[in-house]
Amino acid sequence: MLFEPFRIKGVTFANRILRSSMGGRTAYYDGTVSPAWVHFERRFAKGGVAGLISPTISVNEARQSPLEYPSLHDDRFIGPLRDAVREIKAGGRGKDECRYIVQIGDTGAHTHTSLRPQDADQMSASAFFDFQYGYPNSARAMSLDEIQSTVGDFARAAHRVVAAECDGIEVTASKGYLIHQFLNPLTNRRTDRYGGSVDNRFQLLDDIVRAVRKAVGADFLFGVRLSARDFNNSPLSLRFPLVWPPPPWRAWIGNDLAETTRYARKLEELGVDYLHIDSGFGFPNPHGSPGGFPDEAVVVTFNAYRFLSRKARMRAQIFNVFPAWARKKIFGGAWRFKPAANADFAAAIRQAVSIPVIANGGFQDRDVIDGALKSGKCDLVAIARPLLANPDLLDQFNAGANTPANPCSFCSLCCASTAIFPLGCYDQNRFETPERMMNQILAWCSPNAPFGVKDGGRIDGDGKHPALVQ
Ligand SMILES: Cc1cc2nc3c(=O)[nH]c(=O)nc-3n(C[C@H](O)[C@H](O)[C@H](O)COP(=O)(O)O)c2cc1C
Ligand code: SF4
């Protein structure tokens, strides 16, 4: 079934596999897409996926996060994006065999990093403290003017996506980013029409969806990525709202399927064409990216951000003090792999709406993918890490494999490295030598591979993340 075509609105997908959003440090400093970005994306198109969903492309000029991710905050980005998308699609296996959907978003107070600390990176629904995500010491509530300006940012970026001749647009209301901060009852403690009740917390997304639809027109493919369950109560995923008295216990769990299903129905009523379902709050998080706790990459990343705030400094110090085994026990408790981790959530939402649903997270084996599709849990699946590990995954399936020969281990090191290091697979156990791993990483971002990283045939540093090898 995974090789059967599927149509949403006017757009036909050649099969049921989409490359899920994956980005990191491949755009120019100002956010313009670069040849490295095109090369990275084109390799997936060559691999035969039906479409690519872009990394989260920022709509806000100030919040560029991570650095060197693409941006769409200005008209000057249209031309380069149009050329890039043409080139990426030309790498597919036939005319329109690979669709390109741009995901737009705003990180809000989960902004990972910045050249220097700035007030813009604190903006959110309400004031809260979050140990794990974002660098600012705490979030602050946006004013009504700032909210309206954000809605305008989304609408203008959406217009640019159409002008760049992409096949569709996706708004991310997941990943703990700004819209998700408004949906989540723990981070949204507002008392105006953007906070409080389940419906009020949806108001920002409502405004953005209406504005984006108006900008792209009735016929343009438009989806929303939604987190089915916030899992606020996951170990160490707690946010602390800076309010007294503390929020009711329900807020400490976050939105669950009941609330999200309500949101899904509203999105369908607003004319959204598909829903893309994952779960959890924050990137990376163990529910959205099921797998091992990427301890080594987290340490390196926290250390890299430490200059930005007191919180970032303390966070790095805490991580440096504990030995790796203790960090894994304390911080990695919720991290474990679960195949098709969010397929049952997608199924519950699919039952409540009549628009197509994409399931995301933990798809690698053919029988798991086919099982989710055949049992009607979802219409398409979106895959990230297993395609990074094996961009020829579909060819391997075609050749009869159920599991790829050298599968993704779901160690999540790539997710936690992405804001600091080049994109690629960072699990040294998948490579005969560290040099081969390095060449693989460099090959993802440059057409000029192979490189001069000489194959010494040794594994240094006990398979540690490259940055930790002395
Ligand atoms: C290196 C890397 C970068 C990612 N960047 C983004 C991103 O920019 N936006 C987004 O919504 N998800 C991003 N993700 C999350 C993936 O889209 C996907 O949801 C997650 O990896 C779980 O799917 P998987 O189990 O198929 O990997 C990223 C994942 C990886 C591995
Ligand atoms: S680093 Fe490699 S093996 Fe680990 S999750 Fe990413 S792609 Fe998979």
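Analyst: Helices are DSSP runs of H or I with at least four residues, strands are E runs of at least two, and both are numbered from the N terminus. This is a predicted model, in which local features need pLDDT of at least 70 and side-chain atom pairs pLDDT 80 or more, while totals for chains, interfaces and linings use all residues. Residues are numbered from 1 along each chain as its sequence is written, chains are lettered from A and ligands numbered from 1 in the order written, and side-chain values use heavy atoms, without hydrogens or water.

User: Let's start with cis peptide bonds. Which residues does a cis bond join, and where is P245?

Analyst: Most residues other than glycine have a negative phi, and most peptide bonds are trans. Here a cis bond joins W244 and P245, with omega about 0°. P245 sits in the loop between β11 (239–241) and α7 (249–253). The F283 to P284 bond is also cis, with omega near -10°. P284 belongs to the loop between β12 (274–278) and α9 (295–305).

User: What is the phi of A340, and is A340 buried or exposed?

Analyst: Phi of A340 is near 45°, again a positive value in a residue other than glycine. A340 is buried, with a relative accessible area of 14%. Look for A340 in the loop between α11 (324–331) and α12 (343–352).

User: How do I read a helix? Which residues of α2 are buried?

Analyst: An α-helix has 3.6 residues a turn, so residues three or four places apart point the same way. In α2, the buried residues are I78, L81, A84, V85, I88 and K89. They cover an arc of only 130° around the axis, which puts them on the same side of α2. The arc is that of the directions from the helix axis to the C-beta atoms. Among the elements that cover these buried residues are α1 (35–46), β4 (51–58), β5 (99–105) and α3 (144–163).

User: What span does α2 reach?

Analyst: Helix α2 covers residues 78–90, which is 13 residues. From first C-alpha to last, α2 reaches 18 Å, close to the 18 Å expected. The expected span is 1.5 Å times one less than the number of residues.

User: On to ligand 1. Which residues come nearest?

Analyst: A residue is near a molecule if one of its heavy atoms lies within 4 Å of it. Of the 25 residues around ligand 1, S20, S21, T56, R225 and R385 come nearest.

User: Which polar atoms lie by the oxygen atoms of ligand 1?

Analyst: A polar backbone atom of S21 is 2.6 Å from an oxygen atom of ligand 1. For a polar side-chain atom of N360, the distance to a ligand oxygen is 3.0 Å. For one of Q103, it is 3.4 Å. Taken alone, ligand 1 exposes 600 Å², and the protein buries 99% of that. These areas come from the Shrake-Rupley method with a 1.4 Å probe. The elements giving two or more residues to the shell are β4, α14 (385–389) and α16 (413–417).

User: Where does S20 lie, and what does its side chain contact?

Analyst: S20 is in the loop between β3 (17–19) and α1. S20 is buried, at 2% relative accessible area. Its side chain makes a polar contact with the side chain of N360, at 2.9 Å. A polar contact is a pair of N or O atoms within 3.5 Å; within protein, one must be able to donate a hydrogen and the other to accept it, and residues adjacent in sequence count only if both atoms are side-chain atoms. Contact in general means heavy atoms within 4.5 Å. Leaving aside neighbours within four places in sequence, the contacts of S20 include I53, R225, H276 and I383.

User: One last loop. How far is the C-alpha of A109 from that of Q122?

Analyst: The two C-alpha atoms are separated by 4.5 Å, although A109 and Q122 are 13 residues apart along the chain. A109 lies in the loop between β5 and β6 (123–124). A109 is buried, with a relative accessible area of 7%. Beyond four places in sequence, its contacts include D121, Q122, F128, P136 and Q181.

Methods:
Buried < 20%, exposed > 50% of the residue type's maximum accessible area, 1.4 Å probe, protein only.
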